[in-house]
Amino acid sequence: MSTLQTPFRYDFVGSFLRPQALKDAKNAFKEGKITEEELDKVINEEITKVVAKQKELGYHVITDGEFRRTFWHLDFMWGFEGVDHEATGRGVAFNDELAVLDDTFLVGKIKAKDVHPFVEYFKFLKQFEDENTVAKYTIPAPAQMFQQMIVPMNYETTRKFYATNEELIQDIGKAYQVVFQQFYDAGCRNLQLDDCTWGALVGEAAKQRYQALGIDLEEVKAQLLEVNNLALEGKPEGMVINSHICRGNYHSTFFTSGPYDSVADYVFAKENVDALFLEYDDERSGGFEPLAKVSPDKKVVLGLITTKSPVLEDKEAVIARIKEAAKYVPLDRLYLSPQCGFASCEIGNKLTEEEQWAKLRLVKEIAEEIWG
């Protein structure tokens, strides 16, 4: 078993553009032209290739590119008892387009299954670990699941099973504890919690949205922190669990804008993760000043390279930004990555696979220049 731990000086969030062969196979399966076994064979082949590419580029972390899932977050939620979903054509309004997502809602109390499907997916990835690389698996944060079940369209349904948010928090937190142990027992030592909930709270637009709903924003922040930290209680010894904080990433569009200032006292200071992967690829993220709130036990991965555009960043400009961030968090606790994955959902972002790899080459080049 690899004993390497994330993050690495040059790192990435986890999802990659779906290769054409994978897209074709999924379409053929939907049309009934191939069997599920034939689809799985293609998926396994494409995961094998994308892992080989990560190693070829010299990265020490490997993921399966999230090739087995349609949505970065919802597919994981479907792996719990009490959760169902339906494709209705509805979704979430992003900056430039509608992110079409399956409606995902409760049909009972939330419980962990005997084995979460993603744990089985991890086992396939783990075989590719070696002395230079370690497998990381990405899953949505507990707060993401909590938020999914209390959004206005799900609120009444959720109340059929949970009279209060606190009861919902307890069941989600405890179900995640079970799944963390399942990953650990399968040999996983590096998990990443992808979390758009904090990004949804930042900025003036978010404040106005919650005020219109009659919701106390500070209470929401406290609940998000509570459910994440409850899940992290008693995490298996030797397991690294990091968090990726995002403002939305769908087909190169975004969901929210705003600096981290209003959530730093919660997630930066008090969330009990080992490292924070932070979106800092453009002006929508604000300045580095909130990093002063990051607790001294956490590492910070600066997402300074965008996955939303094929344009390569200026190396010297990125180096200057790293040095600016080092005014608030010591350089030895800083790391570099893209701000998000390249394909949070199957649709992917608006760049080519080669442009995707060029971004990762740039991340590695800059990191080696900064940290050696």
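## Basis of the description

Contact, as used here, means heavy atoms within 4.5 Å. The structure is a predicted model, in which local features need pLDDT of at least 70 and side-chain atom pairs count only at pLDDT 80 or more, while totals for chains, interfaces and linings use all residues. Residues are numbered from 1 along each chain as its sequence is written, and side-chain values use heavy atoms, with hydrogens and water left out.

## Phe183 and the nonpolar core

Leaving aside neighbours within four places in sequence, Phe183 is in contact with Phe118, Val119, Phe122, Tyr137, Ile139, Cys188, Leu191 and Met239. Phe183 is also one of the residues, together with Ile110, Leu291 and Leu302, that touch the most other members of the largest nonpolar core, a set of 111 residues. Such a core consists of buried Ala, Val, Leu, Ile, Met, Phe, Trp, Tyr and Cys residues joined through side-chain atoms within 4.5 Å. Buried means under 20% relative accessible area, exposed means over 50%, and partly exposed lies in between, with a 1.4 Å probe and protein chains only.

## The parallel sheet

An open sheet is formed by 6 strands in the order β7-β8-β9-β10-β11-β12, with parallel pairing. Its edge strands, each pairing on one side only, are β7 (137-140) and β12 (334-338). On average, neighbouring strands of this sheet are turned by 25° against each other, direction ignored. Strands (E, at least two residues) and helices (H or I, at least four) are DSSP runs numbered from the N terminus; two strands pair if DSSP finds at least two bridges between them. Axes are lines fitted to C-alpha atoms, for helices over the stretch in contact, and angles run from 0 to 180 degrees between N-to-C directions.

Within the sheet, β8 (residues 190-195) and β9 (residues 240-245) pair in the parallel sense over 6 bridges, and Asn190 has Val240 of β9 as its bridge partner. Helix α7 (residues 165-185) lies across β7, β8 and β9 and runs at about 170° to β7.

All of β12 is buried, 5 of its 5 residues, so the strand is largely enclosed by the rest of the structure. It pairs with β11 (residues 299-305) in the parallel sense over 5 bridges, and Ser337 in β12 is the bridge partner of Gly303. From β11 the chain crosses through helix α11 (residues 315-325) to β12 in a right-handed β-α-β crossover. Right-handed means that, with the strands pointing away from the viewer, the path from the first strand over the helix to the second runs clockwise.

Helix α5 (residues 142-150) is likewise largely enclosed by the rest of the structure, because 8 of its 9 residues are buried. Among them are Pro142, Phe146 and Met149.

## Local backbone and polar features

Most residues other than glycine have a negative phi, and most peptide bonds are trans. The peptide bond from Thr6 to Pro7 is cis, with omega near 0°; Pro7 is placed in the segment before α1 (20-30). Glu66, a residue other than glycine, has a positive phi near 65°. Glu66 is located in the loop between β1 (61-62) and α3 (74-77) and counts as buried because its relative accessibility is 3%.

Ser2 also belongs to the segment before α1, and its relative accessibility is 10%, so Ser2 counts as buried. A polar atom of the Ser2 side chain lies 3.3 Å from the backbone nitrogen of Leu4, and this side chain reaches the backbone oxygen of Thr133 at 3.2 Å. Not counting residues up to four places away in sequence, Ser2 touches Glu129, Asp130, Thr133 and Val134.

Methods: Polar contact = N/O pair within 3.5 Å; in protein donor to acceptor, adjacent residues only side chain to side chain.
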